[in-house]
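Subject: Structure for you to look at

Hello,

Here is the structure I said I would pass on. Please open it beside this email, as the notes follow it.

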Amino acid sequence: MNLQTGRWIGKGSLLAEGQSLGHAVTCDVQVQKDEDGFTLTGTWQGSEAAAWEFALRIVANEVGTYTLGMRLAGDSLQGTAKLDSPPNLGLIWNDIGTVHATFVLFPLTRGYGLRGFVRDGSHVYTWEMAFSLHQETVKADNVVSLRRRPR
């Protein structure tokens, strides 16, 4: 899996089944890598809802796929994913079987696209987001630009 570490910002939409207009959603994710896998921590915010904090652990397993473990809004989820070549596919669920989510992760020109379905009880949602790596701007007095910029 070739996920770049750093802070990723996502913008997209969430659409409930039977609706024609989606709700805007944003996601702020910090990706960290260690010797065993990846840890993603962040917040997911809907335009009509409070922010939800989450943590996702991604670890390669012995059968050539990845094991997922997630904490979201006090709920514990687990899953499996194929993340070695695009399109990357995954499925995640809670222990009691009331929440199931699928996702596909694919490269975009300037980041990643992420889309999928969520079934929460009797409600079905579809969602999509575009993620880009957030670059911190560092200002320094000793940097000289060789390109003209409008003032």
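Is Trp-52 buried, partly exposed or exposed? Trp-52 has a relative accessible area of 39%, so it is partly exposed (buried is under 20%, exposed over 50%, partly exposed in between, with a 1.4 Å probe and protein chains only).

Some ground rules. The model is predicted: local features need pLDDT of at least 70 and side-chain atom pairs pLDDT 80 or more, while totals for chains, interfaces and linings use all residues. Residues are numbered from 1 along each chain as its sequence is written, and side-chain values use heavy atoms, leaving out hydrogens and water.

Aromatic pairs

Rings of Phe, Tyr and Trp (its six-membered ring) pair if their centres lie within 6.5 Å; planes under 30 degrees apart are stacked, over 60 edge-to-face, and the rest tilted. By this rule there are two aromatic pairs. In one, the ring centres of Trp-8 and Tyr-112 lie 5.5 Å apart with planes at 55°, so the pair is tilted. Trp-8 and Tyr-112 are 104 residues apart, in strand 1 (residues 6–16) and strand 9 (residues 111–120); strands are DSSP runs of E, at least two residues long, numbered from the N terminus. Trp-8 is buried at 7% relative accessible area, and Tyr-112 is buried at 19%.

Trp-44 and Trp-52 have ring centres 5.7 Å apart and planes at 45°, so this pair is also tilted. Trp-44 is partly exposed because its relative accessibility is 21%.

Regards

Terms used
Helices (H or I, at least four residues) and strands (E, at least two) are DSSP runs, numbered from the N terminus.
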